Amino acid sequence: MLCSISGEAPQHPVASKSGNVFEKRLIEAYISENHKDPVTGDDLEVEDLIDLKSAKIVTPRPPTLTSIPSLLSTFQNEWDALALETFTLRLSLQQTRQELTTALYQHDAAVRVIARLTRERDEARDALSKVTIGTGSASNGDAMQIDSQGLPEELAAKVDAAQERLSKSRRKRPVPDNWVDAETVEKFGVASVSKALYSGATSLALDEAGKLVIVGGSEGVVGIYSIAEEKVQQSYKAGSTITDAVWYGSQPVVSTASGAVKVFGENEMTFTSHAGSANGLALHPSGDILASVGVDKSFVFYDLLAAKAVTQVYTDSGLTVAAFHPDGHLFAAGGTDGQIRMFHVKTGQHAATFDLGGPVQDLVFSENGIWFAAVVAGSNSVVIFDLRKEGEAAKAKVLEIGGQVDTIKWDYTGQFLAAAGPGGLTISQYTKSSKSWSDVISTAVPATALEWGPEARTLATINGDGVVTVLG
């Protein structure tokens, strides 16, 4: 028989309930500290030990430490303690190895599960962003088919014609004789204020004559407000929160949080190409092509004469704002990922990307055809980009407004840039001769959207309560 702790023949062998044999002095020392069986780990007390009968050797009387037998006895005691400690360490090491093996296995399994779930989530998001939504029918009941391969030939020809007509005289175009100057802008004051029309208003569109304004809010009602009469002349039901508005000739066009794009008036049309909120609208300089962007990561081009959607292009991010280049050959879409993507209008192909650094709140082109301005949601500054450059070099100027900016708008000449938010409105001027920017006027008129009037002599704004304020 060998002791399960020391591995030697025991002088006083005992057996535990598990059937293992131990040296009595070693197992008693172990039990006094741990009260467990050192082999199985079961509870064990000294009373549970069973003495085993074996031939005994008479042990001589303990000698003094000055003799060799005394030293041998001392060494024996130390060896017993060392054997007991080594056995304990061996058990602890084995247990630690088992726990480590289990932990590593569980960690590896968790990593695999997380990777699988992440992959499935990305695949689901990608599939959701590419879900094809059947477009709504126009007022004539014709079904509209979406072609993501680019514009039809007749619309592409209109884009080319508009670009050729507008780009020729753009740089040499003089400032109109009756256009507003900085001295006049400095004297801008409140000319008229409406009552609260529609709560939650975030969009406003002024017609070419500067007399009628499209307004709408979270109630899903669209109103045509007359500035001269200071009242709503006509209203339409859109059925959902109004997110943006433009004029198509004399017809109001709005986008809604339900994803619908509605054209009201004589030839009413409804488009439902977006799977989710349609966040922004833009009308092409030709006047017959409408664009919308949505939370479903896509932008859609519509042929308003044919009353149908003609192309839908998907991107990598939810889109918030839309704008056409003044020449009509480029389309810009701002996303929640802080990227401003430029696309060729005719083909829908990607042309360039500009990094704004945060969710795009608003985006507008300058009439010089070179610059465009953009605002990060919740930011106090306006970033002006140069289309001719790339990367950080494309950021031509950063205008610090001094308050949160929710909406911006350039005038026709590219001299004056209006920026407004909940704290008020600021108009900045670019002086071409000195190539410098300066603030012309700041006023405490809060606004969620704004539009320049004829000859930039008025500025129409709307706030979150639906109050239309005209400065001039």
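Glutamine 233 is partly exposed, with a relative accessible area of 42%, where buried means under 20% relative accessible area, exposed over 50% and partly exposed in between (1.4 Å probe, protein chains only). This glutamine lies in strand S8 (residues 231-237), helices (H or I, at least four residues) and strands (E, at least two) being DSSP runs numbered from the N terminus. Apart from neighbours within four places in sequence, glutamine 233 is in contact with Leu212, Ile224 and Ser226, contact meaning heavy atoms within 4.5 Å. Between glutamine 233 and lysine 262, which are 29 residues apart in sequence, the C-alpha to C-alpha distance is 19 Å.

The model is predicted, so that local features need pLDDT of at least 70 and side-chain atom pairs count only at pLDDT 80 or more, whereas totals for chains, interfaces and linings use all residues. Residues are numbered from 1 along each chain as its sequence is written, and side-chain values use heavy atoms, with hydrogens and water left out.

Leaving aside neighbours within four places in sequence, the contacts of isoleucine 427 include Val185, Phe188, Phe416, Trp452 and Leu459.

On a 1 Å grid over the protein atoms alone, a cavity is a set of points where a 1.4 Å probe fits but cannot get out, a pocket is an open set with protein on both sides within 12 Å along at least five of seven lines, and lining residues have an atom within 4 Å of a point. A search of the whole structure finds one cavity of 30 Å³ or more, and about 30 Å³ of space lies in the largest cavity, a volume being the space filled by probe spheres set on the points, which are joined across faces, edges and corners.

The second largest pocket holds about 790 Å³ of space, and of the 24 residues that line this pocket, the closest to its centre are Asn368, Trp371, Thr413, Tyr430 and Lys432.

Across the whole structure, 18 aromatic pairs are found, rings of Phe, Tyr and Trp (its six-membered ring) being paired if their centres lie within 6.5 Å, with planes under 30 degrees apart counted as stacked, over 60 as edge-to-face and the rest as tilted. The rings of tryptophan 179 and tyrosine 412 have centres 5.8 Å apart and planes at 50°, so this pair is tilted. Tryptophan 179 counts as buried at 14% relative accessibility, whereas tyrosine 412 is partly exposed at 36%. For phenylalanine 372 and phenylalanine 385, the ring centres are 5.0 Å apart and the planes at 10°, so the pair is stacked. Because phenylalanine 372 lies in strand S22 (residues 371-376) and phenylalanine 385 in strand S23 (residues 381-386), the pair ties together parts that are 13 residues apart in sequence.
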